[in-house]
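This briefing is meant for someone meeting the structure for the first time. Please look over the sequence and the model below before reading the notes, which are grouped by topic.

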Amino acid sequence: MTAYRSDLLRLLDERGQIHQISDPDALDALALEGPVTAYIGYDLTAPSLHVGHMANIMMLRRLQQSGHRPIVLMGGGTTKIGDPSFRNEQRPLLDDAQIAANKETIKAVFTQFVAFGDGATDAVMVDNADWLDRLEYVPFLREIGRHFSVNRMLSFDSVKSRLDQDQPFSFLEFNYMILQAYDFLELNRRYGCRLQMGGSDQWGNIVNGIELGRRVDGKQLFAVTCPLITTASGAKMGKTAGGAVWLNADMTGPFAFWQYWRNVDDADVVRFLKLFTDLPLAEIERLGALRDAEVNDAKKILATEATAIVHGRAAAEEAEATARKTFEEGALAETLPTVEIDAGSLSQGLGVLGLFVTAGLAASNGEARRLVKGGGLRVNDAPVVDDRAALSDRDLTPEGVIKLSVGKKKHVLLRPR
């Protein structure tokens, strides 16, 4: 680790959240002088952010914890173009209504990570549509566009990877990096923002903003990126066989969120405890020394602490209790994910394969059928042996539900309505 003097860089470094820094000595000195304002931008391409975004959201949390001011930048303007960085094809273009809807559902999650308000270190949330939507094209080209070299823009890895694959790269997308650079300039003018943070795949875009600030306003701006987080197996963070692990509770509930962290690879536990929890480093070191079956205790702590940040302490402890009751005590936990089904249809009998699809435990009847052949499906803890079987109200437990399971760790309750 580098011997940083400021609490900000020392904290980020200790937590494994630094990949690259522009002019680290100058930024370290700036962070010693007083509160630094820094931002991270989030495009509004889906109704929720996912676990893969948590690494850089936690950078905003560390920023505030060390006495500095975070800006959460909603990309209401840049989403209309779509970030082309390291993508094989252009993102689908969303209309204004969908972008606005995504913004509303995404905003709330940030209140779990940072405190908003009017104080010197309180977080601020802004939308780049406030200035990007008002730009006049020709004046913008004359004032801002002239500072960008097309030759240099073509040299960035995010662009080269698309061109090397001979994939179309639209003029619309080509403008994205200019607009992101302009965001940095505008945030410096409006809020005195001196630092942009983000994932390491954003380094080139952030450096563009640093150079634009120097060329146009003569300001020294800074960049810090965190590593792109992959699991020990090399998989992209937050991706599972069932899809993304979302931060919004209506898309991934607290129990499923808790389970994601409980099931991480042993080799990831210490790294993830540093990145995704507020546990003291001494406690993380103690947990990292656990071996064999005791590693599961560290995983449960990771799951509870990460879930507490995103969903609150009460929801995290309830998820932990549900897991303990279901997996360790062999009881039926009423707080398991629940899907309602029509009571009349159930009384007539419903195909078991279709019910697993309805419960979200299988993507299709074909997948459910393959799981049956492999002995992977259970109803009320009994293996499903006939893929043509039907379930009815006779299969309801005394609690009035039917418990569907895939393997040992995925469970859903069917509840008649």
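In this predicted model, the side chains of Gln 196 and Gln 180 are joined by a polar contact of 3.0 Å. Gln 196 lies in strand E5, which covers residues 195-199, and it counts as buried because its relative accessibility is 3%, where the cut-off for buried is under 20%.

**Surroundings of Gln 196**
- Apart from its neighbours within four places in sequence, Gln 196 is in contact with Tyr 39, Gln 180, Phe 184, Ile 206, Phe 222, Ala 223 and Val 224.

**Nonpolar cores**
- Val 224 and Trp 261 are the residues with the most contacts inside the largest nonpolar core, which has 68 residues.

**An open sheet**
- Five strands, in the order E9-E15-E14-E11-E12, form an open sheet with mixed pairing.
- Strand E9 (338-341) and strand E12 (382-383) stand at the edges of this sheet with a single partner strand each, so one side of each has no neighbour in the sheet.
- Strand E14 (residues 402-406) pairs with strand E15 (residues 410-416) in the antiparallel sense over five bridges, and Leu 404 has Val 412 in E15 as its bridge partner.

How values were computed: Residues are numbered from 1 along each chain as its sequence is written. This is a predicted model: local features need pLDDT of at least 70, side-chain atom pairs count only at pLDDT 80 or more; totals for chains, interfaces and linings use all residues. Side-chain values use heavy atoms; hydrogens and water are left out. A nonpolar core is a set of buried Ala, Val, Leu, Ile, Met, Phe, Trp, Tyr and Cys residues joined through side-chain atoms within 4.5 Å. Buried means under 20% relative accessible area, exposed over 50%, partly exposed in between (1.4 Å probe, protein chains only). Helices (H or I, at least four residues) and strands (E, at least two) are DSSP runs, numbered from the N terminus. A polar contact is a pair of N or O atoms within 3.5 Å; within protein, one must be able to donate a hydrogen and the other to accept it, and residues adjacent in sequence count only if both atoms are side-chain atoms. Contact means heavy atoms within 4.5 Å. Two strands pair if DSSP finds at least two bridges between them.
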